[in-house]
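Look through the two-chain complex shown below, and then follow the text from one chain to the other and to the side where they touch.

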Amino acid sequence: MKTIALCLFVLVGFARPVLAQAPADKFTAAMTQALATCRQARTAETFLESANQFERIATAEPDQWLPAYWSAYCFLNGFYLTKDEKLQEMALDKTETWIDKLADLQPENDEVAVLTAWYYQARLSASPATGWMRFGGKITKNIEKAKQLNPENPRAYLVEGQNAYYTPTTFGGGKQVALPLFKTSQEKFAKFTAPSPLHPDWGQFLLARYIKSCEAAAN
Amino acid sequence: MRPILFILHFLLIALGALAQQPSTVRGRVTNKAGEPLPGANVVVKGSYDGGSANAEGWFSFTTTERGEQVLMATFVGHRPAEQRISLNASPAEVEFGLEETPNELNTVTISAGAFEASDAKKITILRPLDIATTAGANADIFAAIQTLPGTQAQGDQEGLFVRGGAASEARTMIDGTLVQNPFFSNTPDVPARGRFSPFLFKGTSFSSGGYSAQYGQALSSVLVLNTNDLPDSSQTSFSLSAVGLGGSRTQRWARSSLAAEVDYSNLGPLFAVVPQNIAWQKAPESLGGGLRFTHQLTNNQTFKVFSSYRQGSIGLAVPDLLQPFSQTLFRNRNRNAYLNTSYRASFGAAQAWTLQAGASVSYDRDEIDWGSVRLGRHEQRVQGRAVLTRALGEQSSVLAGAELHRYDFESQFNEWAYRPHDTYAATFVEAEVYVTRKLAARPGLRAEHSALLGRANLAPRLSLAYKTGPYSQFGFAFGHFYQNPDNRYLFINSGLDFEKAIHWIANFQVVRPKRTFRAEVYQKNYRQLVRELNVAQFDPNRYRQPSGPTDNSGSGYARGLDLFWRDQQSIKGLDYWVSYAWVDTRRLYQNFLAQATPTFIAEHTVNVVARKYVTSLSTSFNASWAWATGRPYYNPHHPEFLGERTPAFSNLSLAANYLTRLGGHFTVVVLSVTNVLGRDNVFGYRYSPDGTQRTAIGQAAPRFVFLGMFITLK
C-alpha cells in the first residue's frame, strides 16, 4: 500500500509539469521566453534570430496577432542594425509579409498602424531618392490612423517625431519640430501600461536617445 | 522492500528526466547551388521549436517534440522545403537545399523594343519621376520620351518619331484604349505639348517597335500609359507660374477617391518678356480641367473613370497656303474632350483569371482661319475593349481580347467638306510562355478589320528573351504591323489598303540596380505605303490636301542602332543617362519623287540627361543636352531629291527644382530654361516658287523660360 502510494506520489510529481503545459499556457510561455530574448537583442543578428522565433510561433498560431507583430518588429530592428544590403532587403521583405498579415488580422489596431508607419519609414530610408513620393503619404496616413484609434498611444507620437526628425528642415521637419512630438510621447509613456506583458511596450529607450539628440541641437 | 521503492523512485525520476531530455536537431540550409542562406528559419512543423541559420547556413536547436515529425525550412524568395525526421535521443542531422522562387534576378523579362518606367519593380530602367523631371521636357511625357534612343525630337512639330517612322505611326494608349489626340492642336512650325501630366500615371511603357499583339493601328510605336490607383490621402494643391495658374482637389474615402482639377494658361505675358521669333497675334491661351474617379470594389476589383476637357485658342503669322513665300494669319480655336472608363477584376482559384474592360471617347475639334481660307477639322473616336487573361502556372499566361472602334473624322475647306467614318474591329490572342526561367517567348496574333477600307489583315507578333546572367539578357522581336492610311488620303480614296511595317529587333541589356546598358539593332521594312501617282513637282507643304490618284505602291526601310547607358553610381549623387541612335532610312511614299530620307530624320542623335540633388540647397538640378546631325530638306535646284542637309542641331536645357515650405505647405519652385545657349537651330528651308529665295524654318523662340510654383496643402 505504502509502495503504491509512493509510486503514485512519484508519478503525480512527474506528471505535474506535463499537465501544466496546457495549450494556452504553452503560447504564453513561448511568447514570454521569446520576448525575454528579444529584449536582450542589440545586434542585427540577434534581432533576426528573435524575429524567426516569433515567426515560428506566428506560423503555428495563425489567429494570434502578437507573434506576427513582434516578428515584424524584430525584422525592422534587424533592418536598421545591419549594413548588409542583401540582409536589409530580406528583413524588409519579411516585415512586409507580417505587416500584410497584421492588416488582415487587426485592421483597426493602433499598434499595428504605428508599426506599419514605421515600416514605411524603413522603406523610405532604403530608397531616399524616390521614397518620399512613394511612401510619404503612407507614413502620415498610418500615424494619423493610430492617433485616431488611440490618442494615448505613446509610440504613435514617437514614430511621428521620428518622421519629423529625419525630414529636412526645408520640408517642414527637423529636430525642433520633432522635439515637441517626442515630449508628447514621453508624457504618454508616463501614463502608459500595456494590456498584458505580451503587448507592445517598446520605445522608451529609443525616445530617450531622440530627446537627447534634439535637446543637444537646441543648446 | 524499502530499497526497492527507493530504486523505483530514482528510476522513475531518471525516466522522467529522459522523457524531458530535449533532442538536438542540426544541419544546414543552402540554396540549390549550395550557397548558405543566413537567417533561414527552421521549424518543427506545428510546434514553436526551431532555429535560425547562421552566416554559413548552419543551424542547431533543441526540441522536446518526439517521434516522427516534419521539419520545415523557409527563406525569403525561396520555396519552403519540408523533410520528415525522427526525433529521439540521438541528434538529428538535416540538410536543406531551397529552390528560388521566380524574381527579377533569376527570371527573364521580355524587353526587346520596350522602355518601361514603373515603381512596381525593384530594378527598372526608369521611374515615373524621371519622366516628370527631365530638364527641357517641362513635365511633358513625350518630350521626356524623346531623350530615349530611337526617338527624334522635332523642333518644328510635335509627335513621337520612332526609328524612321513619322509621328502618325506612333499611338498613345491610356488604360488600354487609344487616345485620338494626345497632343495639343498642331500649329505650323511650333511643336505642341502632350495633353496629359506625367503625374497622372503610375506606369509608362514606351515601345520603339515589336510591341504586343494587344495593340494595333501603329506602324512604329505605342506609348502605353496606366493611370494611378487610389491615392494615399486627400489633398489640395495649387500651381502658379509665369504662364498660368491651376488648382486641384483630391478626396479620398475608404475605398474610393475623386480628383478634380482646373487650370488656365496664357503665354501672352511670358512672350512679352522673353523674345520670340514668331509674330504672335494671339498667344496660346487655354482653359481646361479633369475629373478622375477610382473605386476599389474589393481588393481584386477596380473601377476607374478618367476624363479631361480643354478649350484653347492661338493666333500667329504662318506661311501662306495660297502664296507659298508670303506670310498670313493663322488662328485656331480648339476643343478637346476625353473620357475613359475602365474596370479590372481578378477572380477564380488563386485569382488566375483577370478581366480588363474599358470604354473611351476622344473628341477633338479645330476651327482654323488660315489667311482667307476657313478650315475645320473634327475627330471623334468611340471604342470598347475587353481582355481576358488566364495565368498558367507560376509565370506563364495566355490572353484573348477584342476591341471595337467607331471613328468619325471630318475636314472642311471653305464650303467643301469630307465626312468619312470607319468602324474598326480587332481581336487578338497572345501567350507569354516561360519555357524555363531563362527563356521566355511571347507569340501573338492580331486580326483587324476596317469597314472604311473594306479590308482585313492578320498580324503575327513574336518576342523572345533569353537570360544570360543575373542582370543581363538577350532579346528578339518580330512582327507585322498595320495602320489605316492618313486621313487626307482616305478623304479622296477609300479603296486604299492598310499600310504595313515589318519589324526585326535584337537587343542585349544589362540592367543593374544603379547601372543600365542597353543596345538594340533593328530592321524595319515598310510596305503598301500610300503613294500619289503622276506627281510632276514635289510640294513640301505638310498641310496640302492631295487630290490626284493614289495607290499602295510605296515602300521603304529603316535600320539602325540604339544605345542607352544610365549610371546612378559612379559619381556620388549624380544620376545621368546617355542615349545614342543611328538610323539609316529611305522611303518612296506620298508625293516623293524618288526614294529618299524624309525630312524628319537625323542620321545620328545623342541625348545626355543628368540630375543632381544638392541637399544643402534643397534643390534638384537637372540638365539635358540634345545633339543631332542635320536633316534633309527640299531644295528645288539640288539635283538629288531631298539631297541637302540642314546644319546640326544642338540644345542645352537646364532646370532647377527648389523644394521648400510656404506657410507650412510643401512647395516646389521650378525654374527651367530651354536652349540656354540661344543656339539658332534650323529645321529646314522654304523656297520661293521660282526657287530664287529661301527662308529658314527655325525655332519659335531663341529660348523658352518657365518659372512656376506648386503648392500642396496638407
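**Fold, interface and confidence**

Chain B contains five helices and 39 strands. The model is a predicted one. Taken along the principal axes, the C-alpha atoms of chain B fill a box of roughly 135 × 60 × 45 Å. Chain B is divided into domain 1, residues 22-98, and domain 2, residues 114-713. The centres of domain 1 of chain B and domain 2 of chain B, taken over C-alpha atoms, are separated by 55 Å. Of the 714 residues in chain B, 38% are buried. Among contacts in chain B with a separation of 6 or more, 60% are accounted for by residues 24 or more positions apart.

How far can the coordinates of chain B be trusted? The average pLDDT of chain B is 91, and 97% of the residues score at least 70. Residues 12-18 of chain B, however, have a pLDDT below 50, and beyond near neighbours in sequence this stretch has three contacts in the model. Where pLDDT is low, the predicted coordinates should not be read in detail. For the complex, the predictor gives an ipTM of 0.84 and a pTM of 0.87.

Chain A has a secondary structure of ten helices and zero strands. Along the sequence, the pattern of chain A reads α-α-α-α-α-α-α-α-α-α. Buried residues come to 37% of the 219 residues of chain A. In chain A, 59% of the contacts with a separation of 6 or more are between residues 24 or more positions apart.

One helix pair of chain A can be followed in detail. Helix H9 (residues 175-191) of chain A and helix H10 (residues 204-218) of chain A have axes that come within 9 Å and cross at roughly 145°. The crossing of H9(A) with H10(A) is left-handed. On the H9(A) side, the residues that meet H10(A) include A:Leu179, A:Phe182 and A:Phe189. On the H10(A) side, A:Leu207, A:Tyr210 and A:Ile211 are among the residues that meet H9(A). By class, this contact of H9(A) with H10(A) has ten nonpolar, five polar and one charged residues.

Next comes the side where the chains touch. There, 25 residues of chain B are in contact with 28 residues of chain A. Helix H1 (2-20), strand E2 (41-44), strand E3 (50-52) and strand E35 (649-662) of chain B supply at least two residues each to the side of chain B that touches chain A. H1(B) gives the largest share of that side, five residues. Sorted by class, the side of chain B that touches chain A has nine nonpolar, twelve polar and four charged residues.

Two loop residues of chain B remain. Most residues other than glycine have a negative phi. B:Gln351 is not a glycine and has a positive phi of about 50°. The loop between strand E18 (327-347) and strand E19 (353-370) of chain B holds B:Gln351. B:Gln351 is exposed, as 12 other C-beta atoms lie within 10 Å. B:Asn534, a residue other than glycine, also has a positive phi, near 55°. This residue, B:Asn534, is in the loop between strand E28 (515-532) and strand E29 (550-567) of chain B. Is B:Asn534 buried or exposed? B:Asn534 counts as exposed because it has 6 C-beta neighbours inside 10 Å.

Notes: Residues numbered from 1 in each chain as written. Chains lettered and ligands numbered in written order. Predicted model: local features only at pLDDT ≥ 70, side-chain atom pairs only at ≥ 80, totals over all residues. pLDDT = per-residue confidence, 0-100. Contact = placed C-beta atoms within 7 Å. Helix = DSSP H or I, 4+ residues; strand = E, 2+ residues; numbered from the N terminus. Nonpolar A, V, L, I, M, F, W, Y, C, P; charged D, E, K, R; others polar. Buried ≥ 20, exposed ≤ 12 C-beta atoms within 10 Å, placed from the backbone. Axes fitted to C-alpha atoms, helices over the stretch in contact; angles between N-to-C directions. Left-handed = near helix turned anticlockwise from the far one by under 90°. Domains from an automatic or database assignment.
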